[in-house]
Amino acid sequence: MKKRMMLLLWAMVFLLLMSCAKSNSKAEIPGNPIEKEKPWNDRKKTEEDFKSSENKESQESENGKAEERTMEAWEQAYLEYITSLEYAGSYTYSLIYVDEDEIPELVKDTGVEAGGCEILTWHEGVLDILQTYRLNFTYIEKKNLLCNSDGLMGYYYDSVYTIEDGQWSFFGGGEYHDPESGPQLDENDDFIYEYYWLKEPVEEEEYQERFHAIYPENEAGRPKLYYIKDEMCSLLKTGEVTSVDHRYELIVEDLTWTQARKACVERGGYLATLTSQEEFERVQAQILAEEKTAVTFFVGAANQEPNWGFRWLEPGVLEGYYILDLYNALFSGFWLEGEPSYTGLTEEGEEVRETCVSLIYRSSEERCYLNDVPDDILEAAPSFAGRVGYICEYNE
């Protein structure tokens with residue numbers, strides 16, 4: 001009996017030990033949901049979250065850069081409008097601020113009086129276009145006033161517009177013209193006109209009073225900067241002109257224009273084509289910085305057969321950019337007064353054709369100008385020896 005009791009007691013002890021061993025074995029299995037494992041699980045989760053957070057921040061940073069490159073809706077609308085035009089490359093463009101918001105209006109100048117200008121405004125997804133009669137207009141920046149004043153052959157007008165609910169709206173205006181009987185002069189030999197304000201006949205003094213009451217001309221101005229199509233498209237896409245990352249090399253060497261053009265190609269660039277105000281000013285600043293204001297620099301524009309007219313010979317542009325046709329962007333303000341003249345005189349007094357373009361610095365005005373010159377400056381003016389150069393442009 002005693003022996004049985006001892007065996008039973010040992011059996012109970014054995015079972016108890018086995019039970020404890022089994023329980024301890026479970027505690028060593030990773031991932032078992034017991035208190036011992038919580039710190040390990042939490043640490044693992046923290047490391048994964050950190051990596052995830054790091055990746056997320058990196059992605060957000062990349063997205064942020066992408067957003068900086070993403071066009072605004074109004075930029076996209078203007079770009080689509082420009083690229084849809086059949087003769088987009090024949091017009092010049094400007095951005096102006098007519099009303100109070102931060103979205104500019106887009107100006108399309110056809111360069112032809114009969115074509116006039118189109119002025120686009122964009123508000124909340126809606127694009128509205130104002131067509132001017134002829135080319136002349138002024139505006140008062142951020143005052144929501146624009147005036148189309150023009151006329152010809154005895155008929156003139158002043159039409160004032162404003163932007164209302166995102167669309168152009170006629171604000172007021174009038175017209176004046178020759179009497180029905182034909183042109184007449186007063187005692188001072190000034191033309192006599194009949195005046196109408198909002199279609200009602202008025203005297204000239206009243207006409208002027210009403211006009212200036214709604215449109216203070218002394219505050220008005222015109223667009224300051226115009227761009228060719230490619231430059232405006234670049235501004236809308238990137239906020240910068242096409243040449244923003246370009247590099248320029250100013251080389252003083254007595255070459256002809258033809259030789260200079262070839263030399264730039266051999267250097268891996270091309271004879272500089274200055275197709276925006278920003279690029280023009282950047283090159284001017286470099287001329288000043290390098291103290292080369294006494295040099296006449298050849299640039300990449302010429303009047304060559306079979307096409308007539310001065311053109312910027314931009315690489316990749318089949319016929320180049322016609323300087324005179326694209327007057328607002330590529331002619332006005334860039335050239336010396338009276339130039340291009342197409343011909344000039346040698347130092348011996350003989351007439352010579354001027355088919356190429358150079359950039360010169362006028363110290364009296366502290367700025368550069370374009371001037372047409374012969375292909376071989378030294379043949380026409382030997383005194384320029386040592387003061388002839390060329391500008392190479394590199395798309396870097």
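Colleague: Which residues is Leu-127 in contact with, leaving aside its neighbours within four places in sequence?
Modeller: Leu-127 is in contact with Ala-77, Tyr-78, Tyr-81, Leu-120, Thr-121 and Trp-122, leaving aside neighbours within four places in sequence. Contact means heavy atoms within 4.5 Å.

Colleague: What sort of model is this?
Modeller: This is a predicted model: local features need pLDDT of at least 70, side-chain atom pairs count only at pLDDT 80 or more, and totals for chains, interfaces and linings use all residues. Residues are numbered from 1 along each chain as its sequence is written, and side-chain values use heavy atoms, with hydrogens and water left out.

Colleague: Is Leu-127 buried, partly exposed or exposed?
Modeller: Leu-127 counts as partly exposed because its relative accessibility is 31%. Buried means under 20% relative accessible area, exposed over 50%, partly exposed in between (1.4 Å probe, protein chains only).

Colleague: Which strand is Leu-127 found in?
Modeller: Strand β4. Helices (H or I, at least four residues) and strands (E, at least two) are DSSP runs, numbered from the N terminus.

Colleague: And the sheet, what's the strand order?
Modeller: The order is β1-β2-β3-β4, in an open sheet of 4 strands with antiparallel pairing. Two strands pair if DSSP finds at least two bridges between them. β1 (92-96) and β4 (126-131) stand at the edges with a single partner strand each, so one side of each has no neighbour in the sheet.

Colleague: How many bridges join β2 to β3?
Modeller: 4 bridges, between residues 105-109 and residues 117-123. Val-107 stands opposite Ile-119 in β3.

Colleague: What does helix α3 touch there?
Modeller: Helix α3 (residues 73-84) packs on the sheet and touches β1, β2, β3 and β4. The direction of α3 makes about 150° with that of β3. Axes are lines fitted to C-alpha atoms, for helices over the stretch in contact, and angles run from 0 to 180 degrees between N-to-C directions.

Colleague: New topic. At what angle do α3 and α5 pack?
Modeller: About 160°, with the axes of α3 and α5 (residues 229-238) 9 Å apart. That makes α3 roughly antiparallel to α5; angles under 35 degrees count as roughly parallel, over 145 as roughly antiparallel, 65 to 115 as roughly perpendicular and the rest as oblique.

Colleague: Which residues meet?
Modeller: Trp-74, Glu-75, Tyr-78, Leu-79, Ile-82 and Thr-83 in α3 meet Lys-229, Met-232, Cys-233, Leu-236 and Lys-237 in α5.
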